[in-house]
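Here is a quick tour of one structure, written for someone meeting it for the first time. Have a look, and then we can walk through it together.

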Amino acid sequence: MLVLGIESSCDECAAAVVACDSGAIRLLGQRIASQIPIHAPYGGVVPELASRDHVRRIVQVIAEALDRAGVGLRRIDGFGVTAGPGLIGSLLIGVSAAKALAYSSAKPLVGVNHLEAHLHAVRLERAALDLPCLGLVVSGGHTSLFELQGLGRGQILGRTRDDAAGEALDKVAKLLGLPYPGGLAIERAARGGDPAAIRFPRPLPGRQLDFSFSGLKTAAALHVKREGLPQGPGLADFAASFQEAIVDSLVRKTLLAARKRRLARVVVAGGVAANLRLREELERRGAGEIECLFPSVALCTDNAAMVAALAASYLEQGRDDGLALDADAMLPWPGD
Ligand code: KG4
Ligand code: ZN
């Protein structure tokens, strides 16, 4: 079965074609049109600019994904699209495009949850996702822990009470005068820095599985106000210490959740999962206890291959959302 997936929930306009053979997924071709240069001057995503750019590019992005896959539209057996959560204006562009394609080709259409799709990205690189397992989605918009029990079945174990981890990284990077996206800029600036140089707070230190990052962001701002903008080796120390506080929170809560729910495997996804320090620390502190699955860096950030992979599983079950499908900015986790 050949499936075309579309992703437009935030600032990436993407399409991908996958082949699905009884659950085994192969990526045939994809195209991701990033809007980073459009939002960079603002240090974050501007929703109105995002949806306008999606409108301009989506048709070409889909055509290029099909082209790269070497597949004509007529050979596509079904469509998948991110229906939410995300920016409503952006989501509507992808959903409308997918509905138009499904209608004109008389093929089924499935709307998927963006977070569930992130967790299915690993299936593009390994045979199957062995369930149950723990899922950590950590990006610019989300920081959530899930127990994945099956396709469309799971439970939210914890989530951020304020900022997402990526959002905190982006805002502090902006404060330091580093470029957008801030997570990558902070990771680079942290090289050679001492992660113990500044003791940033570790919010919500108890046994609850929720996260909180806004206090940490305030602590960074107060530090700059007090000591001035860090320069040279001071910047490396600042970046390394801030990154360490974020990574420490993520690793601690993830391991806590794994122990509480007796889960021996964790899938990590979302833009912040590209962070090498996070990968290293989760593997080191979870060694012998929990197996860590990370998609390759390119599949961590928003893409349509993960959407097509997840949609393929639903399509194989015979699901068709048809033209009634609607975008939902607050789409709940399936089963929640
Ligand atoms: O998943 P994603 O592409 O979009 C959202 O759904 O938000 O994630 C983007 C986020 C941004 O906050 C960015 O700063 C962060 O991922 N990010 C990183 C790294 N690369 C991107 N954070 C830490 N380390 C990185 N290497
Ligand atoms: Zn995402």
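This is a predicted model: local features need pLDDT of at least 70, side-chain atom pairs count only at pLDDT 80 or more; totals for chains, interfaces and linings use all residues.

The shell around ligand 1 is made up of 5 nonpolar, 12 polar and 3 charged residues.

Residues are numbered from 1 along each chain as its sequence is written, chains are lettered from A and ligands numbered from 1 in the order in which they are written, and side-chain values use heavy atoms, with hydrogens and water left out.

Back to ligand 1. Of the 20 residues around it, the nearest are Gly140, Asp170, Gly183, Glu187 and Gly271 (a residue is near if one of its heavy atoms lies within 4 Å).

| Residue | Protein atom | Distance to an oxygen atom of ligand 1 |
|---|---|---|
| Gly140 | backbone N or O | 2.8 Å |
| Asp170 | side-chain N or O | 2.6 Å |
| Gly183 | polar backbone atom | 2.8 Å |

On its own, ligand 1 exposes 550 Å², and the protein buries 92% of that (areas come from the Shrake-Rupley method with a 1.4 Å probe). Helix 4 (114-120), helix 5 (165-175) and helix 6 (182-189) each give two or more residues to the shell, and helix 6 gives the largest share, 4 residues. Helices here are DSSP runs of H or I with at least four residues, and strands are runs of E with at least two, numbered from the N terminus. Ligand 1 lies between domain 1 (2-124 + 302-324) and domain 2 (133-294), because both give residues to its shell; the bounds come from an automatic or database domain assignment.

What holds the zinc ion (ligand 2) on the protein side? Its protein donors are His114 (NE2), His118 (NE2) and Asp302 (OD), 2.1 to 2.2 Å away. Donors are N, O and S atoms within 2.8 Å of the metal (3.2 Å for Na, K and Ca), and with water not among the atoms, sites may look incomplete. His114 and His118 are 4 residues apart in helix 4, so about one helical turn separates them.

Now for the backbone. Most residues other than glycine have a negative phi, and most peptide bonds are trans. The Gly84 to Pro85 bond is cis, with omega near -10 degrees.

Definitions and conventions
A polar contact is a pair of N or O atoms within 3.5 Å; within protein, one must be able to donate a hydrogen and the other to accept it, and residues adjacent in sequence count only if both atoms are side-chain atoms. Ala, Val, Leu, Ile, Met, Phe, Trp, Tyr, Cys and Pro count as nonpolar, Asp, Glu, Lys and Arg as charged, and the others, Gly among them, as polar.
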